[in-house]
Amino acid sequence: YLLLQQISIHHMSPNGISKILGSHRSLSWIYAYGIAMENYCLTLLDQNNDFILRSIFTPVSYTNHTESWYIPDSIALDSNEIYKWRIDTDGQYLYGLETAGSESPWATFLYVGE
C-alpha cells in the first residue's frame, strides 16, 4: 500500500474536544487535493481509539471541494463522549484492490446526546 500526500484540509467540522456534534449528526470538510481519487473513506473512533465505523462513499462533486457526511442514526453514540474522525481517499486500484490513498489529520467532536 502506498500512502499518498496528505489531503490539504482547510476546515473540518466539528473539530475540537469542546465542539458539539449537532443533532443533524453531520461531519463536513473543505479540502484541496491535487491528485485523482475514487472514493472517500470516513473513519470514526471513540475516545479510547476503539473502532466505531468505516464508510466508503463517492464524492458528491469532484470540483466543489466541500463535502459532508451524516452519521447514521443506527450508529449509537454515547452521550458526553469525545469521538475522533478522519477522511481518507482511495486513490489507486489494482485488480479491484486499493493500493494507494491518503489520510487527513484527525478531527474530534463531543457528542452530548438528545
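**Figure 1. Aspartate 73, an exposed residue in a predicted model.** Aspartate 73 has a relative accessible area of 71% and is exposed. The model shown here is predicted. The side chain of aspartate 73 meets that of arginine 25 in a salt bridge, with an N to O distance of 3.8 Å. The two residues lie 48 residues apart and link distant parts of the chain: arginine 25 sits in the loop between β2 (8–13) and β3, and aspartate 73 in the loop between β6 (66–70) and β7. Arginine 25 counts as buried because its relative accessibility is 6%, under the 20% limit.

**Figure 2. The salt bridge of arginine 86 and aspartate 88.** The closest N and O atoms of arginine 86 and aspartate 88 are 2.8 Å apart. Arginine 86 counts as buried, at 15% relative accessibility. Aspartate 88 is buried too, with a relative accessible area of 7%. Side chains of opposite charge can pair when their charged atoms come close.

**Figure 3. Glutamate 103 and the network around arginine 86.** Glutamate 103 also forms a salt bridge with arginine 86, and here the closest N and O atoms are 3.3 Å apart. This pair connects distant parts of the chain, with glutamate 103 in strand β8 (residues 97–103) and arginine 86 in strand β7, 17 residues apart. Shared partners join Arg86, Asp88 and Glu103 into one network of salt bridges. Glutamate 103 is partly exposed, at a relative accessible area of 29%. A search of the whole structure finds three salt bridges.

**Figure 4. The largest nonpolar core.** This core has 20 residues. Those with the most contacts inside it are Trp29, Leu42, Ile71, Trp85 and Phe109. Two or more core residues come from each of the elements β3 (26–32), β4 (39–46), β5 (51–57), β7 (81–94) and β9 (107–111). In soluble globular proteins, nonpolar side chains tend to be buried together.

**Figure 5. The strands and the surface of the chain.** The secondary structure comprises nine strands and zero helices. From the N terminus on, the elements run β-β-β-β-β-β-β-β-β. Of the contacts in the chain with a separation of 6 or more, 66% are between residues 24 or more positions apart. The chain has 114 residues, of which 40% count as buried.

Terms used: Residues are numbered from 1 along each chain as its sequence is written. This is a predicted model: local features need pLDDT of at least 70, side-chain atom pairs count only at pLDDT 80 or more; totals for chains, interfaces and linings use all residues. Side-chain values use heavy atoms; hydrogens and water are left out. A nonpolar core is a set of buried Ala, Val, Leu, Ile, Met, Phe, Trp, Tyr and Cys residues joined through side-chain atoms within 4.5 Å. Buried means under 20% relative accessible area, exposed over 50%, partly exposed in between (1.4 Å probe, protein chains only). Helices (H or I, at least four residues) and strands (E, at least two) are DSSP runs, numbered from the N terminus. A salt bridge is a side-chain nitrogen of Lys or Arg within 4 Å of a carboxyl oxygen of Asp or Glu. Contact means heavy atoms within 4.5 Å.
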